[in-house]
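Here are a few exercises to work through with the model open beside you. Try each one yourself before reading the solution.

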Amino acid sequence: MNLNSKVTLHTGNKMPILGLGTWQLSDDTAGTIAKALLLGYPMIDTSGDYGTQPGIAEGIKKSRAKREDFYLITKVEETDDAYEATKRNLQELQLDYADLMLIHRPPKGGAGLKLWEGLKRAKREGLAKDIGVSNYSAKLIEELVESSGEVPVVNQIEWSPFGHSFDMLDYCTENDIIVQAYSPLTRSERLNDPELTEIASKYEKSPAQILTRWNLQIGTVPIIKANKVEHLKEDLNVFDFEITDEDMETLNSLNEEYSALGDLQYV
């Protein structure tokens with residue numbers, strides 16, 4: 001496993017195993033994206049409501065990255081016309097297609113079947129290579145699949161040792177859906193946890209690196225946020241060690257369904 005490793009989605013397309021999140025990345029978005037791409041970050045995650053897409057477009061230009069050298073994820077909102085929102089997002093990003101388009105969150109009272117049909121159209125027309133969901137429970141995913149026959153390639157959910165559900169991971173694994181982990185570093189809220197810091201000291205790594213490596217070893221795809229160069233570099237330095245089974249069990253046991261947002265929406 002290394003920075004160039006990829007997972008194969010059930011469509012046959014490949015996705016990097018680690019990405020850069022851009023929520024609240026308002027401090028020199030373009031500069032951060034350019035630095036990240038130059039450092040080798042293979043995947044960028046954004047959304048229409050983050051306000052970062054114009055800056056991402058500028059950062060891509062600054063980095064002179066070729067389109068095939070990075071994977072781009074963006075999202076439509078629950079109140080959007082998903083097809084039109086896809087086109088709007090791509091216009092902001094100055095891109096011809098997204099590698100992955102997600103429904104950002106399920107609308108109230110349902111799974112968002114109309115949204116899903118809009119994303120399916122976007123995929124048919126080549127605006128998105130793959131489509132998926134975010135913040136969805138297994139029940140809501142089932143509703144989408146039963147109504148459309150289309151299985152999401154990804155469920156992007158808040159996920160860390162302090163807040164996760166192996167039932168969800170098992171469900172996604174059984175249905176060939178990749179779990180993408182957002183806020184895998186708990187938005188820095190739990191980096192001083194005693195058990196986490198003890199494990200980090202053992203490996204001579206930072207708590208953030210341990211959290212990222214834990215995700216990689218259980219098979220989720222972490223979406224990490226950073227904007228300082230030293231943190232961007234640190235977050236990539238997770239491929240030269242392996243957490244033992246014993247320490248993985250300790251990290252697993254930290255689960256208290258913690259959420260930096262208030263609750264795990266998929267549980």
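**Exercise 1.** Leaving aside its neighbours within four places in sequence, which residues is Arg67 in contact with?

*Solution.* Bear in mind that this is a predicted model. Start by finding Arg67: look in the loop between helix H2 (53-63) and strand E5 (71-76). Next, skip the neighbours within four places in sequence, and you're left with contacts to Leu72, Leu95, Tyr97, Ala98 and Asp99. Now check the side chain: one of its polar atoms lies 2.8 Å from the backbone oxygen of Phe70. Finally, ask about burial. Buried means under 20% relative accessible area, so Arg67, at 16% relative accessibility, counts as buried.

**Exercise 2.** Find the buried residues of helix H7 (residues 194-203), and work out why they line one face of the helix.

*Solution.* First, pick out the buried ones: Leu196, Ile199, Ala200 and Tyr203. Then look down the axis of H7: these buried residues fall within an arc of 100°, so they line one face. As for what covers the buried residues, helix H8 (207-218) and helix H10 (245-252) are included.

**Exercise 3.** Look at what sits at either end of H7, then follow the chain to Lys205 and decide: is Lys205 buried or exposed?

*Solution.* After H7 comes Glu204, which has a positive phi, near 55°. Lys205 is in the loop between H7 and H8. With 14% relative accessibility, Lys205 counts as buried. Its side chain has a polar atom 3.2 Å from the backbone oxygen of Asn237. Leaving aside neighbours within four places in sequence, Lys205 touches Ala200, Ile210, Asn237, Asp240 and Phe241.

**Exercise 4.** Describe how helix H1 (residues 29-39) packs with helix H9 (residues 229-236).

*Solution.* Take the geometry to begin with: the helices pack at about 35°, and their axes are 10 Å apart. The crossing of H1 and H9 is right-handed. Now list who makes the contact: Thr32, Lys35, Ala36 and Leu39 from H1, and Val229, Leu232, Lys233 and Leu236 from H9. Sort them by class, and you get five nonpolar, one polar and two charged residues.

Technical notes:
Residues are numbered from 1 along each chain as its sequence is written. This is a predicted model: local features need pLDDT of at least 70, side-chain atom pairs count only at pLDDT 80 or more; totals for chains, interfaces and linings use all residues. Side-chain values use heavy atoms; hydrogens and water are left out. Axes are lines fitted to C-alpha atoms, for helices over the stretch in contact, and angles run from 0 to 180 degrees between N-to-C directions. Helices (H or I, at least four residues) and strands (E, at least two) are DSSP runs, numbered from the N terminus. A crossing is left-handed if the near helix is turned anticlockwise from the far one by less than a right angle, and right-handed if clockwise. Contact means heavy atoms within 4.5 Å. Ala, Val, Leu, Ile, Met, Phe, Trp, Tyr, Cys and Pro count as nonpolar, Asp, Glu, Lys and Arg as charged, and the others, Gly among them, as polar. Buried means under 20% relative accessible area, exposed over 50%, partly exposed in between (1.4 Å probe, protein chains only). The arc is that of the directions from the helix axis to the C-beta atoms. A polar contact is a pair of N or O atoms within 3.5 Å; within protein, one must be able to donate a hydrogen and the other to accept it, and residues adjacent in sequence count only if both atoms are side-chain atoms.
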